[in-house]
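Please read the following briefing alongside the sequence and the model.

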Amino acid sequence: LFSLENVSAQDIQPKDAVKYIGQTVTVCGKVYGGKYLSTVKNTPTFLNMGAAYPNQLLTIVIWGDARKNFTYAPEEKLKNKTVCVTGKVEVFKGKPQIITQNESQIKLQ
């Protein structure tokens, strides 16, 4: 069952995402670029929020099986746009990330 207790009332900045590991929050910031790795296992799309790779403050991850839930190419449409992404903050190689399943988790501002 999904609980609203995990969702923060206010939007947080990409630089603060690291403080919310394991929690479901909404992070708002600029997407500085992204990459669709069509030849890599699980065909991930990575969107870099807060700064360009490798200095991003938060990575939005869209796995290949979830990418079909998007009506657009996220790495193209969202580049240089300010968005809010809602999801659970996890850590990968020391950096916070949010894995998204569908485009409703990412809102253009």
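Two strands pair if DSSP finds at least two bridges between them, and strands themselves (E, at least two residues), like helices (H or I, at least four residues), are DSSP runs numbered from the N terminus. This is a predicted model, in which local features need pLDDT of at least 70 and side-chain atom pairs count only at pLDDT 80 or more, while totals for chains, interfaces and linings use all residues. Residues are numbered from 1 along each chain as its sequence is written, and side-chain values use heavy atoms, with hydrogens and water left out.

**Pairing around strand β4**

- Three bridges join β4 to strand β6 (residues 106–108), and the two run antiparallel; valine 83 has leucine 108 of β6 as its bridge partner.
- Strand β1 is joined to β4 by seven bridges, again in the antiparallel sense, with threonine 24 standing opposite lysine 88 in β4.
- Four bridges pair β4 with strand β5 (residues 95–100), also antiparallel, and here glutamate 90 stands opposite glutamine 97 in β5.
- β4 and β5 form a hairpin with two residues between them, and lysine 93 in the turn has a positive phi of about 50°.

**The disulfide**

- The structure holds one disulfide, a term that denotes a pair of cysteine sulfur atoms within 2.5 Å; cysteine 28 and cysteine 84 form it, with their sulfur atoms 1.8 Å apart.
- Cysteine 28 lies in strand β1 (residues 24–36) and cysteine 84 in strand β4 (residues 82–92), so the pair ties together parts that are 56 residues apart in sequence.
- The torsion about the S-S bond of cysteine 28 and cysteine 84 is about 110°, and the disulfide is therefore right-handed.
- Both cysteine 28 and cysteine 84 are buried, where buried means under 20% relative accessible area, exposed over 50%, and partly exposed in between (1.4 Å probe, protein chains only).

- Valine 91 lies in strand β4 and is partly exposed, with a relative accessible area of 46%.

**Alanine 51 in its loop**

- Alanine 51 is found in the loop between β2 (45–49) and β3 (58–62), and it counts as buried because its relative accessibility is 18%.
- Leaving aside neighbours within four places in sequence, alanine 51 is in contact (heavy atoms within 4.5 Å) with Tyr32, Gln56 and Leu57.
- Alanine 51 and lysine 81 are 30 residues apart in sequence and 12 Å apart in space, C-alpha to C-alpha.
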